[in-house]
Amino acid sequence: MTLKTDSLGDQCLLLVTDTSQLTRAKAVGQQYQLNYEFISSADFRLKQLKKRFSSYSYLLILGTEGFEFCDTTQQTAGAIKSDFLSGQFSHRLRTTGIKQELLAKAVGIKAGERPRILDATAGLGRDGFLLASFGCTVTMIERHPIIALLLADGLSRALIDPSLSFIVKNNIEFYQAEAIEYMAGLELHNKPDVVYLDPMFPQQKSSAKVKKEMQLFRIAAAGHTDAPGLLKSALQCAAKRVVVKRPLQGPAILGEVPSFQIKGVSTRYDIYLVTTQLTPETRHFSV
Ligand SMILES: C[S@@+](CC[C@H](N)C(=O)[O-])C[C@H]1O[C@@H](n2cnc3c(N)ncnc32)[C@H](O)[C@@H]1O
């Protein structure tokens, strides 16, 4: 299954369940070359819709709660969205303190120190949002158009939520871009302190919710296996460190050896400290 990034028209159908969203649907349909159809929200039963539109591999559904994405070939999997307002992530956002979050430690958050972070593989934006909620300024980069659409939609809903709008307005910027190109184009004074990478995990056993999201990332990653290239670019871009999220037992990304690791229950962070004596231009790598 390959989700084409240029033209999605033959694989993905845009379904609109709310008449007030028809203008938006038309614009998105044109931008992504997607056919779109209106279905009444009374007819909205995900399982039935998957069967009814099974000639498409994917459905992008636009309703009152924004965009959701689903794979019609996976009958039992639910729809995926970028959501900072409810569910498991929102709970994590409201209840986890900086001290408990290994990610905060990994990026070098300390009392009075909030690094500027480039989240070069933003996905649905959870890790980047968490870091922004801790007071870091975070630039999120996502290359896949559908995932970028879901993320932009999640951020725009967070922007109108009274408890989250401050974070989005003040601490987050988001670009749909290829991160290697984006990093290469940054002027020296705009380089982040930290580049954070969460490239595709290898197949793993996990909850159904994680599985369906990983499946979307896997579709998006089809044909792109550039983790070593991303690491190389990140090391040239970061002023202080590069942090890579890996499965606990997974191998480090090929190339440089991490300076140290921080291990959690199922996840590990590989931290590559950037040598201060070297400028990004003079650093050399053995990838
Ligand atoms: C595992 S997901 C990241 C999940 C994310 N940390 C989160 O919290 O939702 C990896 C994402 O990185 C994106 N990606 C991979 N390589 C990229 C690149 N070179 N430039 C931009 N995005 C990239 C993929 O499209 C995918 O959405």
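Of the 287 residues in the chain, 38% are buried. The model is a predicted one, and its secondary structure comprises 10 helices and 11 strands. Among contacts between residues at least 6 apart in sequence, 64% join residues at least 24 apart. The average pLDDT of the chain is 87, and 87% of the residues reach a score of at least 70. Residues 282-287 stay under 50 in pLDDT, and the model has 12 contacts beyond four places in sequence for this segment. Where pLDDT is low, the predicted coordinates should not be read in detail.

The largest nonpolar core contains 71 residues, and L60, V107, A120, V195, A234 and V242 have the most contacts inside it. Helix α6, spanning residues 145-159, gives the most to this core, with 8 residues. Because domain 1 (12-71) and domain 2 (87-273) both give residues to the core, it lies between them. In soluble globular proteins, nonpolar side chains tend to be buried together. When residues up to four places away in sequence are not counted, L60 touches C12, L14, L34, F67, F69 and I146.

Just after α5, G135 takes a positive phi of about 105°.

The ligand is surrounded by 23 residues, of which T121, G123, R126, R143 and A179 are the closest. By class, this shell consists of 12 nonpolar, 4 polar and 7 charged residues. At least two residues of the shell are supplied by each of α5 (126-133), β6 (138-142), α8 (179-184) and α9 (208-221). Helix α9 gives the most to the shell, with 3 residues.

D71 is located in strand β4, which covers residues 66-71. This residue has 21 C-beta neighbours inside 10 Å and therefore counts as buried, 20 or more being required for that class. Apart from neighbours within four places in sequence, D71 is in contact with S57, Y58, A77 and Q215. D71 and K50 are 21 residues apart in sequence, while their C-alpha atoms are 7.8 Å apart in space. Q33, by contrast, counts as partly exposed because it has 13 C-beta neighbours inside 10 Å. Q33 is found in the loop between α1 (22-32) and β2 (35-38). The phi of Q33 is near 55°, a positive value in a residue other than glycine.

Note on methods: Residues are numbered from 1 along each chain as its sequence is written. This is a predicted model: local features need pLDDT of at least 70, side-chain atom pairs count only at pLDDT 80 or more; totals for chains, interfaces and linings use all residues. A nonpolar core is a set of buried Ala, Val, Leu, Ile, Met, Phe, Trp, Tyr and Cys residues joined through C-beta atoms within 7 Å. A residue is buried if 20 or more other C-beta atoms lie within 10 Å of its own, exposed if 12 or fewer, and partly exposed in between; C-beta atoms are placed from the backbone. Helices (H or I, at least four residues) and strands (E, at least two) are DSSP runs, numbered from the N terminus. Domain bounds come from an automatic or database domain assignment. Two residues are in contact if their C-beta atoms, placed from the backbone, lie within 7 Å. A residue is near a molecule or strand if its C-beta atom, placed from the backbone, lies within 6 Å of it. Ala, Val, Leu, Ile, Met, Phe, Trp, Tyr, Cys and Pro count as nonpolar, Asp, Glu, Lys and Arg as charged, and the others, Gly among them, as polar. pLDDT is the predictor's confidence in each residue, from 0 to 100.
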